[in-house]
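Dear colleague,

I am passing on the structure below, together with some notes on how two parts of one chain meet. Please read the notes with the model open beside you.

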Amino acid sequence: MLDKLLKKHETYLFLIIIAYAVIVTSVNRSFMTFENLFDILRSGAGMGILAMGVLVALLSGGIDVSFTAVAISGGYIAVRVIMATGVDNLFVAFVISCSIGIFLGLINGLIISYFKLPTLIATLGTLNVFHGALTTFVGTESVNARQMPSCFVHFGSAKIITLANDQGSIYGLSVFVIPLIAVIVMTWFILRFTMLGRGIYAIGSNRESAKRAGFNITALQLFVYSYVGFLAGIMGVVFVSEVRWVNPVTLIGTELTVIAAVVIGGTKLTGGSGTILGTLLGVAIVTVLYNTLVLLGLSAAWNNFFVGIIIIISIGITSYRNKIKNRKSLSFKT
Amino acid sequence: MSDRKLFKTVDTKIWILAVIMIGVIIVLTFVLPGNFLTLRNFQSMAYQFPEFGLLALAMTIAMITGGIDLSVIATANLTGIIAAMIMTNYLKAENAGDPAAISVVVLAIFAALIAAAICGLLNGVLISLVGVPPILATLGTMIFYSGIGMAITTGIGVVGFPDSFLEIGAGKIYLFPVPLLIFTGCALVISFILNKTSFGLKLYLVGANPTASLFSGINNRIVIVNTYMITGLLAGVSSMIMISRFNSAKVGYGDTYLLQAILVAVLGGIDPYGGYGKVSGVVMGIIILQVLQNAFTLFGFTPYAKGFIWGLMLILVMIINFGTSRYQERSKILRMTDQEVAD
């Protein structure tokens with residue numbers, strides 16, 4: 001039992017989080033409070049949703065870096081459409097944002113599957129194309145908190161549980177955990193119980209054998225990239241509601257942090273291997289670090305320093321183990 | 001026989017690029033009369049392109065080995081900050097008095113280049129010894145290096161360099177701007193390394209087929225480590241030009257160069273899957289990009305619109321490359337079957 005646990009990447013991630021929590025709590029008592037926990041959950045929800053998409057893309061042996069542009073396109077256009085039409089409905093916002101997400105994701109999928117381009121470079125291109133198109137054709141005007149349609153504002157401040165702290169001020173668990181949990185369950189279901197999920201793992205671990213086994217690679221890739229787009233659409237609305245202020249140039253540039261979180265979670269870039277639990281722990285580590293280094297008395301300027309070290313160590317360990325294993329089986333792939 | 005064929009295909013790619021380059025220049029001369037084809041405009045371009053040109057060369061070498069280096073800009077920023085801190089710390093007291101200033105500047109540049117080589121070394125070690133895929137290794141070090149830069153500067157720019165250092169970015173020897181001369185020198189050295197040394201040959205072999213190169217007695221690890229050290233050094237040189245031109249060093253300078261560096265490498269005929277590519281092609285790619293960049297600025301495009309066009313170009317170039325390589329393969333197969341029939 002213990003042996004099995006020690007072999008798992010997730011166990012180490014869990015231990016890192018516990019060790020970090022102990023250190024921070026010993027320095028600053030305000031870390032281990034529900035208020036702080038709820039706060040971390042609220043700010044990590046968006047990243048968690050995106051990370052599920054990235055996980056699926058990595059499992060299929062590809063990568064997608066364009067999802068931030070997709071998310072901000074979805075969120076921003078949804079806000080502008082709702083402002084213009086006056087239909088103040090959160091459901092409509094989600095429908096608009098997700099359709100844009102699926103559409104842009106399909107473009108990625110078509111380019112990648114039809115022309116067999118390297119996914120990193122192709123999506124780096126579409127990242128700039130989507131963002132450039134948004135800022136050039138839709139506009140760069142920011143929407144501030146007063147203009148923001150009330151459905152977003154309500155969604156951003158709604159709570160599932162409300163508690164009061166010692167000083168009597170009220171805080172609570174944000175409603176953002178609902179889309180987060182829904183996305184996690186949906187991704188888990190697809191990966192675990194459907195032929196689609198088996199196919200994603202199959203084309204990630206060995207494309208040629210997947211093809212021979214009868215999987216439709218083009219269809220699977222189209223699904224993967226539109227799914228990433230769909231989740232980015234959901235995240236777009238969550239993000240806009242979270243900050244209550246939207247500018248089409250925000251969010252761009254954070255894509256590598258999300259990928260880093262997924263990679264810390266033990267997902268292999270070469271495809272076919274990675275778990276939802278690991279990904280969530282990776283997201284947790286990055287979010288906790290970003291939000292609580294301040295409690296240790298370090299400024300936010302140190303964020304990337306520590307995240308960088310954790311990524312290098314984490315991927316170093318995973319890759320080195322893999323390399324040893326390959327050498328034992330006389331496989332000399334570098 | 002097959003050698004000659006190989007050279008022929010290389011030449012066609014280079015020829016196409018040359019035609020595109022000259023075509024773009026001619027079209028722009030007519031579209032922007034009096035603005036584009038002037039000595040001043042060309043001189044200002046010669047000041048602008050070397051910094052991203054060097055980053056593109058760095059990316060090129062990494063891509064020839066079948067890898068990629070996402071950390072070039074973070075390396076450049078970190079080394080720039082190190083040089084800037086040495087200069088500003090040691091020169092405050094003397095107020096940039098000339099004789100001592102030179103030695104401090106030389107020391108600063110030396111320290112920066114060593115730091116750049118160390119950054120590259122770490123990338124190389126992670127990729128070759130630890131076995132991390134290049135995208136991931138350099139993604140991690142990119143966050144790490146910019147994290148170091150951020151931690152030591154807290155995001156504030158380091159400003160105020162001695163005049164002798166500013167010459168790197170603004171100086172001129174006869175008609176030729178110093179950045180252009182530095183870039184030309186680096187391009188010639190890299191071209192020499194790739195074409196005339198055994199290391200260059202090994203680099204292509206490792207990129208084309210790492211397993212085959214391992215079994216033919218090449219030490220892949222040393223080749224990869226050296227490759228990423230050269231990549232780091234080029235980023236360091238680029239950063240010297242960059243901070244000298246801005247007269248400050250800061251985390252986040254040149255963030256847009258990442259896309260441009262990859263675009264130029266792909267445009268210049270580098271195969272992202274490794275094993276193929278020429279410095280001359282990349283240099284022409286750099287010139288084409290700079291000329292277009294200049295024209296877009298004269299047209300008054302926003303940076304976002306530029307990003308849109310670069311992204312679109314990157315995808316289109318890759319699609320065209322996909323099409324031509326497929327066409328070449330098909331004609332090769334046809335030729336082979338024809339020969340069989342003839343035999």
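**The interface between the domains of chain B**

Domain 1 and domain 2 of chain B bury about 1200 Å² between them, 78% of it given by carbon and sulfur atoms; buried area here is the accessible area (1.4 Å probe) that two parts lose on being put together, summed over both. On the side of domain 1 of chain B, the residues that lose the most area to domain 2 are B:Leu263, B:Val266 and B:Phe296, which together make up 39% of what that side buries.

This is a predicted model, in which local features need pLDDT of at least 70 and side-chain atom pairs count only at pLDDT 80 or more, while totals for chains, interfaces and linings use all residues. Residues are numbered from 1 along each chain as its sequence is written, chains are lettered from A and ligands numbered from 1 in the order in which they are written, and side-chain values use heavy atoms, with hydrogens and water left out.

Domain 1 covers 3-300 and domain 2 covers 305-343 of chain B, with bounds from an automatic or database domain assignment, and their C-alpha centres lie 28 Å apart. In contact (heavy atoms within 4.5 Å) are 14 residues of domain 1 and 12 residues of domain 2 of chain B.

Between these two domains of chain B there are 0 salt bridges, a salt bridge being a side-chain nitrogen of Lys or Arg within 4 Å of a carboxyl oxygen of Asp or Glu.

With kind regards
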